[in-house]
Amino acid sequence: PADLIYIGPMLRAIDGPIAPLTCLSRTAYQKCKDCRTEAKCEVRLAFAKAYGEYLTALDKASPRLQLRTLGKTVIVVNDSPGFYVNRILAPYLNEAGRLLEEGVAVDAIDRAMLDWGMSVGPITLLDEVGLDVAGKSGAIFYRAFGDRLRPSEAMARVIADGRLGRKNKKGFYRYDERGKRAGVDASVYAFLAPGTARRAMSAAEIQERLALAMVNEAVRCLE
């Protein structure tokens, strides 16, 4: 009926209706919203009952269905290094390292991927995760999947210089005392060919190389 309202979005179905769904009249619901008393009125008791039913149904649901209620797309993968997300991330970050070796500037790489739609650029991501962590995980992927996930040699040289990223305020970027990023650390180019002489590369080429590195690995995940 038009005058009835389900209480809150938490009552939407998981894989079918949660029964019984508690309903209230829109008039009663509005009165409850406007009510300032803490008394356990009929409306509040009905809401508590409905919310309890929802939590019980959700608790009995499978993890996949639970995640779907959070708006997530769930996939099932084998027990493998990196599972899915980190596995396709590895070639993306490796390719970013190769671009650095070819002379592309740190900020040019990050800016291109931000324009492409990423929430953070790959070089910034390395600094945030920690270059030591990225180095260790890269070695694991290399052992598991061979040459196609061979880590960038440039990355190893940067890590050997004691650059761990934001955690020790020394990475591809500079950081102030509070750990706020303060621009590219130009001294890092000493560990990258061809040194401080950075070369121009179009944003489109950077985007294609990095995105296709992920796409290619995503296809291999289906093999």
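Helices, at least four residues each, and strands, at least two, are DSSP runs numbered from the N terminus. Pro194 sits in the loop between two of these elements, β4 (181-184) and α9 (203-220). The model is predicted.

**A cis bond.** The peptide bond that leads from Ala193 to Pro194 is cis. Its omega is near -5°.

**Positive phi.** Two residues have a positive phi although neither is a glycine: Phe83 and Lys169. The table sets them side by side.

| Residue | Phi | Loop | Relative accessible area |
|---|---|---|---|
| Phe83 | about 50° | between α3 and α4 | 48% |
| Lys169 | about 55° | between α8 (153-160) and β3 (173-175) | 36% |

Val77 lies in the loop between α3 (63-68) and α4 (85-101). Val77 counts as partly exposed because its relative accessibility is 38%.

**A buried alanine.** Ala112 belongs to helix α5, residues 106-116. Its relative accessibility is 2%, so Ala112 counts as buried. Which residues does Ala112 contact, leaving aside its neighbours within four places in sequence? They are Ala203, Ile206 and Gln207. Gln207 is 95 residues from Ala112 in sequence. In space, the two are 6.3 Å apart, C-alpha to C-alpha.

Conventions:
Residues are numbered from 1 along each chain as its sequence is written. This is a predicted model: local features need pLDDT of at least 70, side-chain atom pairs count only at pLDDT 80 or more; totals for chains, interfaces and linings use all residues. Side-chain values use heavy atoms; hydrogens and water are left out. Buried means under 20% relative accessible area, exposed over 50%, partly exposed in between (1.4 Å probe, protein chains only). Contact means heavy atoms within 4.5 Å.
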